[in-house]
Every structure is written in C-alpha cells, then in structure tokens.
Amino acid sequence: MEREDLEIYLSAAVASAAAILTLTDDILSKDAARLHTNASAYVTLTELGTKLYELYTPQATPKNIELQIDYDATSVKVPRKNLLPLAGNLIANAIKFTPSGGKVSVTLKILRDQDPTCIEIQVEDNGIGIAPENLKTITSGTARAQAGTAGETGYGLGLRFVKELSERQGGTFTITSKEGLGTKVFLRLPID
C-alpha cells in the first residue's frame, strides 16, 4: 500500500475512533439536564452532514460507492443526542447492501411546517433492496442473516434499533424497498 493511501486510512480510523467515543458518551449519558444545556449537545445540519461524510466515506470508498450527503445550510441547531447512531446505522446498512459502483444518498433537513418542528433524515440507495415479506421481519428483529454485496453479514438489528430509538424519542420511521432497485428510509425526529 502506498504511504499516501495508508495515511488516508489511518486518518479515517482515528476519526472513526473519536466518533465512537462521542457516540458512547451520548448513549451512556444519563445526565439529561447537562445534554440540554451544554452547547456541544447541539449541532447544525452542516456539522452533522460533514461528520457523517467523514465517518462513512471510508466504508463506501472500497466498494466504489458514491456517498452523497445533502443538507440545509442553516444555523438552526438541533439536539445531537442519538443523531449519529441513528443516521449512521441507516448509512452503514445502505452501503452494506449496495453493490460496487452504486450510490447512497442522504438528505438532512428541518421540517418547520411540522408540529413539532422535526429533523428529517432520508437515506436512499440503489442496492439490492428488500423483499416485501422481509420488511416486517427486519424492523421487528426477527430477520435471518443476510449477506451484503461484498460478503458482509446483516441481521436487521440496526434497522430495529433505529425504529425503536426513534419511536422512543417521539419520531417516526418509514422504510420502502423494491428488490433489485434499492431502499429508501425516512426518519423524522422532533427537535422542539
């Protein structure tokens, strides 16, 4: 491996390790008051989109998958708690089940016309898709292991995690898929 390539992979590993520590702190933190008063507990969509791109590009690159992340460039800050693990699970899953040369598109936006105001995370891929009979088992956690497009193993636990955590936060989780064409996931979380 060329030195330049090695440096890129090492930088990505360091960034991923730092992000995992942040995620762990978010998940294990029981001090809700600190999370809601601490300025670092909030992010803009630009910050979130940039972090997601940094974290998941190293996973997409070896499979030659285009990772596109679009977001509202707004100064509105949203609570960051659980956003990285929720969005990250959806992106990692999309990459896992998208073949080489495919595309994973992520859209982050604030829905001000909702009551309460919500953040919407949309993840769409042109991967292998999910059979209709498997959609229900995946979100209920009763799915069987399924191989990703590069031999990765998926158990559907990530999607169940996203569904349950988003619902506990008062959000909604919607998934549509067509075999051979890809999958689209919408996640809406209240931010007010």
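Tutor: We begin with a definition: a salt bridge is a side-chain nitrogen of Lys or Arg within 4 Å of a carboxyl oxygen of Asp or Glu. Please keep in mind that this is a predicted model.

Student: How many salt bridges does the structure hold?

Tutor: The count rests on the cut-off of 4 Å between a side-chain nitrogen and a carboxyl oxygen. By that criterion, the number of salt bridges in the structure is six.

Student: In what order do the five strands of the open sheet lie?

Tutor: The edges are β2 (66–71) and β8 (172–178), each of which pairs on one side only. Between β4 (residues 103–111) and β5 (residues 118–125) there are eight bridges, and these two strands run antiparallel. β5 also pairs with β9 in the antiparallel sense, over seven bridges. The pairing in the sheet is mixed, and the order is β2-β4-β5-β9-β8.

Student: Is Glu120 buried or exposed?

Tutor: Glu120 is found in strand β5, a strand in which seven of the eight residues are buried. The cut-off for a buried residue is a relative accessible area under 20%. Because the relative accessibility of Glu120 is 3%, this residue counts as buried.

Student: With which side chain does the side chain of Glu120 make a polar contact at 2.8 Å?

Tutor: Beyond four places in sequence, Glu120 touches several residues, including Thr107, Leu108, Phe186 and Leu187. Lys109 and Arg188 are also among the residues that Glu120 touches. The polar contact at 2.8 Å joins the side chain of Glu120 to that of Arg188.

Student: Which residues are linked with Glu120 in a network of salt bridges?

Tutor: Glu120 forms a salt bridge with Lys109, with 3.7 Å between the closest N and O atoms. That pair links distant parts of the chain, since Glu120 is in strand β5 and Lys109 in strand β4, eleven residues apart. Lys109 is partly exposed, at a relative accessible area of 29%. The residues linked with Glu120 in the network are Lys109 and Arg188.

Student: Why does the salt bridge between Lys77 and Glu47 tie together separate parts of the chain, and how many residues apart are they?

Tutor: The closest N and O atoms of Lys77 and Glu47 are 3.9 Å apart. Lys77 is partly exposed at 44% relative accessible area, and Glu47 is partly exposed at 41%. Because Lys77 lies in the loop between β2 and β3 (78–79) and Glu47 in helix α3, the pair ties together parts whose separation in sequence is 30 residues.

Student: By about how many helical turns are Glu54 and Lys51 separated?

Tutor: The side chains of Glu54 and Lys51 meet in a salt bridge, at 4.0 Å from N to O. Glu54 is partly exposed at 40% relative accessibility, and Lys51 is partly exposed at 31%. Because the two residues are three apart in helix α3, their separation is about one helical turn.

Student: How far apart in space are Ile138 and Gly158, C-alpha to C-alpha?

Tutor: Ile138 is found in helix α5 (residues 132–140) and counts as buried, at 9% relative accessibility. Ile138 and Gly158 are 20 residues apart in sequence, and their C-alpha to C-alpha distance is 9.0 Å.

Notes. Residues numbered from 1 in each chain as written. Predicted model: local features only at pLDDT ≥ 70, side-chain atom pairs only at ≥ 80, totals over all residues. Heavy atoms only, no water. Pairing = 2+ DSSP bridges. Helix = DSSP H or I, 4+ residues; strand = E, 2+ residues; numbered from the N terminus. Buried < 20%, exposed > 50% of the residue type's maximum accessible area, 1.4 Å probe, protein only. Polar contact = N/O pair within 3.5 Å; in protein donor to acceptor, adjacent residues only side chain to side chain. Contact = heavy atoms within 4.5 Å.
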